[in-house]
Amino acid sequence: TNDGDFANNIGHPSKGVVKTYKVSVRGELTRTVIKKIQFGIFSDGEKLTVKDIKISRNTKTGGTLAFKLVEGRKREIRRICAAVGLHVIRLRRTKMGSLTLSGLRPGKWKFLTDSDMRKIEK
């Protein structure tokens, strides 16, 4: 965005805007791993928590997770995954509040309408 106030507003944890990420990982995805992540992970003296996590795809060597975060601390998803023995291969934010990347090709952007901005700020 070219609107710093808007970006700051929706990105700040106090606003509670949920950010959704698609995360491809290498490593064993088990119920135990997911439970540990849901309970919270301690890393560098911080407790890292997720709003929600689901396995989207699971293979013998890894898979894809859907993470939902509110806080978005520095390298939070990578730190969480590392703590449970997962290696992040690809990480992509797919949704922020009500805004999605649906229909938006890599390297492209869209202009937000006033309606878009009101929805996300709620």
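Select R79 and E46: their side chains meet in a salt bridge, 2.7 Å from N to O (a side-chain nitrogen of Lys or Arg within 4 Å of a carboxyl oxygen of Asp or Glu). This is a predicted model, where local features need pLDDT of at least 70, side-chain atom pairs count only at pLDDT 80 or more, and totals for chains, interfaces and linings use all residues. Residues are numbered from 1 along each chain as its sequence is written, and side-chain values use heavy atoms, leaving out hydrogens and water.

The pair links distant parts of the chain, 33 residues apart: R79 sits in helix 3 and E46 in strand 3. Helices (H or I, at least four residues) and strands (E, at least two) are DSSP runs, numbered from the N terminus. R79 is buried at 17% relative accessible area, while E46 is partly exposed at 28%; buried means under 20%, exposed over 50%, partly exposed in between (1.4 Å probe, protein chains only).

Next, select helix 3. Its buried residues are E76, I77, R79, I80 and C81. Their cover includes strand 1, helix 2 and strand 6 (87-96). Just after helix 3, G85 takes a positive phi of about 80°.

Now select V25, I37, L65, F67 and L86. These have the most contacts (heavy atoms within 4.5 Å) inside the largest nonpolar core, which has 20 residues. Such a core is a set of buried Ala, Val, Leu, Ile, Met, Phe, Trp, Tyr and Cys residues joined through side-chain atoms within 4.5 Å. Another core, of six residues, lies apart from it, with I10, M96, L99 and I120 among them.
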